[in-house]
Amino acid sequence: MSPFLLALITTILVESTIFWLILRQEILKTLLYSILINSTTQPLANAAYLTILPHFFLVELIVILVESILIMKLFEVDYHKALLISVTANVVTASLSFLF
Amino acid sequence: MRNKTVILLFTALILVQIAQADMISPGMKGISRCYTITNLDQYPDYTFIAANRQDFKLFTPNACIDGFYKLFPPFIFTAKTADLTGSEITLLHQDTAGLDGRQLEDRQQKLADFLQWDLWPWDQTSPAIKNPKLIPSLQIRTYEEISSINPIDSVEHKLTITLISEHAVAITESSIVYHYTDGTSEEKPVKHYLGENPTPRPATCDLNCWTWHGASWRLIPLIAIILIAAILLKRRLSK
């Protein structure tokens with residue numbers, strides 16, 4: 001399996017768990033939204049990082065901001081909570097990317 | 001409050017990025033670049049070394065020089081061997097294998113005395129040494145970070161001495177040998193001067209190389225965005 005596909009699936013699973021732990025919404029809905037959010041941000045973030053923006057933490061910052069808006073819209077929560085969820089989820093997945 | 005949070009977040013991430021200098025970023029790998037001088041035997045009266053503020057290595061006919069700390073790219077210095085003292089020649093030919101920490105420190109101090117680096121300006125792009133016996137030429141980089149799926153395993157630079165005069169030494173890069181992770185190698189002639197061109201990536205591994213399907217980096221986000229828009233639109237219409 002491609003390392004990028006593996007990374008995407010891992011990110012979706014980890015972030016779904018974090019979304020669910022914080023929001024306690026329906027599991028399938030949480031998983032679907034996580035798939036949509038990460039399928040939007042992760043391929044674009046990887047492409048940007050490997051080509052035009054080779055600064056990991058800057059890319060992560062942009063991802064956090066974009067994901068926070070998507071979380072706010074999809075899960076219908078206020079922006080502050082969405083930002084907190086986005087930061088938590090991305091700090092965990094970014095840490096995992098350093099470990100593996 | 002929201003603005004404050006975003007500003008704090010941004011500041012924290014910028015600070016973390018500054019502290020990242022010694023780390024290999026996710027999705028990247030470090031590769032070694034080593035350097036040989038191909039016509040060293042034509043200049044038997046000269047000594048060629050690569051040195052930075054911390055370490056030095058002597059160019060010998062079969063040696064491919066590498067292994068300098070990534071944040072201190074060394075310069076190549078040339079000296080007339082006849083100008084060097086016995087202790088300097090001994091220092092340059094000293095084998096570091098088996099030296100303990102104190103002996104390495106001592107060697108580093110002797111290097112500092114020999115090169116006479118200026119303490120200031122702390123400019124890594126300028127060979128600020130005072131020793132008049134040494135003529136600086138190229139600055140070389142022995143380490144680079146590239147995408148982890150780039151098939152390059154290491155890079156060998158072949159240098160050629162083109163001119164030596166009393167005050168100047170010209171060394172140019174004649175070819176680059178790319179060693180790939182599958183064990184193959186290819187040598188490419190160089191038409192530029194060292195340092196002006198980053199490591200060219202193999203044609204087989206550009207942006208399309210990192211995805212599981214060539215177009216997926218565009219297609220998957222596009223589908224996801226359309227679906228998100230559809231969900232939000234449906235939700236709005238049903239209200």
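A word on conventions before the details: residues are numbered from 1 along each chain as its sequence is written, while chains are lettered from A and ligands numbered from 1 in the order in which they are written. Since we are looking at a predicted model, local features need pLDDT of at least 70 and side-chain atom pairs count only at pLDDT 80 or more, although totals for chains, interfaces and linings use all residues.

Let me begin with the overall layout. Chain A has 4 helices and 0 strands, in the order α-α-α-α along the sequence, where helices are DSSP runs of H or I with at least four residues, strands are runs of E with at least two, and both are numbered from the N terminus. Of its 100 residues, 44% are buried, and by buried I mean that 20 or more other C-beta atoms, placed from the backbone, lie within 10 Å of the residue's own, with 12 or fewer counting as exposed and anything in between as partly exposed.

Now to helix α2 of chain A, residues 27-50. Its 24 residues should span 34 Å at 1.5 Å a residue, and the end C-alpha atoms are 33 Å apart, which agrees; the expected span is 1.5 Å times one less than the number of residues. Of the 24 residues in α2, 17 are buried, so that the helix is mostly covered.

What does the largest nonpolar core look like, and which of its residues touch the most other members? It has 25 residues, and A:I37, A:A45, A:Y49, A:V59, A:I71 and A:I85 touch the most other members; such a core is a set of buried Ala, Val, Leu, Ile, Met, Phe, Trp, Tyr and Cys residues joined through C-beta atoms within 7 Å. At least two residues each are supplied by α1, α2, α3 and α4 of chain A and by α4 (216-238) of chain B.

Finally, the loops. A:R24, in the loop between α1 and α2, has a positive phi of about 55° although it is not a glycine, and A:R24 is exposed, with 9 other C-beta atoms within 10 Å. A:E76, in the loop between α3 and α4, likewise has a positive phi of about 55° without being a glycine.
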